[in-house]
Amino acid sequence: MDDNMQELDPSPIADSPVANEKESYFPLHSPSSPPPPARSSSLGLSGHSLTWWLLRTQRYSSYAFTAFLTAHVTNVSLIPLLTRSLPASDTYLLLTRPYYQSSLAEPLLVIAPLAIHILSGVTLRLHRRRQTALRYGAESRADRRRLAWPKLSGTSALGYVLTPLVLGHAFVNRVLPLWVEGGSSSVGLQYVAHGFAKDPWVAGVGYAVFVAAGSWHVVWGWGKWLGWTPEEVGWEEEERERGKRRRWWVLNGVAALVAGVWMAGGLGVVGRGGEMSGWLGRQYDGLYRRIPILGRW
């Protein structure tokens, strides 16, 4: 060996922790050591993506609105179905309605949850569309037009059908009396029955579509929140297909039952209540004539 060279004892070389972290399945920190800090998204929402937040916003907003919907359907459908009398049912309606139409309860139980639910659903769809465009590198408008939109589930499609119907229902029964008369104290089930008598085809078909879309949207939406949709069955292949069919029939059966009971009270009792006469009938005629487009007919 050359005299100018010196032989050294072998010594270990420190491995790169970054390389090991990438190649190892398990993290380098021990279970007793604190985990690494959570990552933040571009919106500053620590640890969770925008999709995660939108899904939970849509979910929890439906809880509050379901509470209002349960009370409302009880007043306008279940009680008329039991009493078979509009004046008697109106008494219960006027007694309980102030609880969800007060200045505090109505924004918290009705307006805010409904607005949040609709806006979060639309925003979620647009966000998923944007993620698809980024994934495929669609930068120009022409490139984005060639991309397919995210798949629309049946529950979401019913939500888009239901949105204008809910807004129209709220306008006729809540906004219009406030706008014309300054309040809705005189508006009850007899007001709804008067509208059915004036135009039974438009009111009947519109109400049937509204109830059917609402029943299936709510039942399948809650099935999704509870993990009871057919897509969430996780068994073996044969059992999975049987479980998917069972859940499909159960959810549709519950939705049909809800829609049937709702229509039995709404169409079978309130819808057949007849036209109001005298001063009250003239007051209702004045309200319905103020409906844009339809009121002219």
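**Entry 1: Leu162.** I'm working with a predicted model. I started at Leu162 and found it in helix α6, which covers residues 154-181. Is Leu162 buried or exposed? Its relative accessibility is 11%, so I put it down as buried, the cut-off being under 20%. Then I looked up its contacts, skipping residues up to four places away in sequence: Leu162 touches Phe210, Ala213, Gly214 and His217. Gly214 sits 52 residues from Leu162 along the chain, yet their C-alpha atoms are 6.5 Å apart.

**Entry 2: the core.** Leu162 belongs to the largest nonpolar core, which has 11 residues. Among the other members are Val166, Phe210, Ala213 and Trp262. Helices α2, α6, α8 and α9 each put in at least two residues. Which helix gives the most to this core? That's α8, with four residues. I also checked Val166: leaving out residues up to four places away in sequence, Val166 touches Leu114 and Phe210. There is a second, separate core of 10 residues, including Phe65, Leu86, Tyr100 and Leu189.

**Entry 3: the pocket.** Next I turned to the second largest pocket, with a volume of about 230 Å³. Its lining includes Thr66, Leu69, Val73, Ser215, Val258 and Trp262. Of these, Leu69, Val73 and Trp262 are also in the largest nonpolar core. Helices α2 (50-83), α8 (200-225) and α9 (237-270) each supply at least two lining residues, and α2 gives the most, with six.

Technical notes. Residues are numbered from 1 along each chain as its sequence is written. This is a predicted model: local features need pLDDT of at least 70, side-chain atom pairs count only at pLDDT 80 or more; totals for chains, interfaces and linings use all residues. Side-chain values use heavy atoms; hydrogens and water are left out. Buried means under 20% relative accessible area, exposed over 50%, partly exposed in between (1.4 Å probe, protein chains only). Contact means heavy atoms within 4.5 Å. On a 1 Å grid over the protein atoms alone, a cavity is a set of points where a 1.4 Å probe fits but cannot get out, and a pocket is an open set with protein on both sides within 12 Å along at least five of seven lines; lining residues have an atom within 4 Å of a point. Grid points are joined across faces, edges and corners, and a volume is the space filled by probe spheres set on the points. A nonpolar core is a set of buried Ala, Val, Leu, Ile, Met, Phe, Trp, Tyr and Cys residues joined through side-chain atoms within 4.5 Å.
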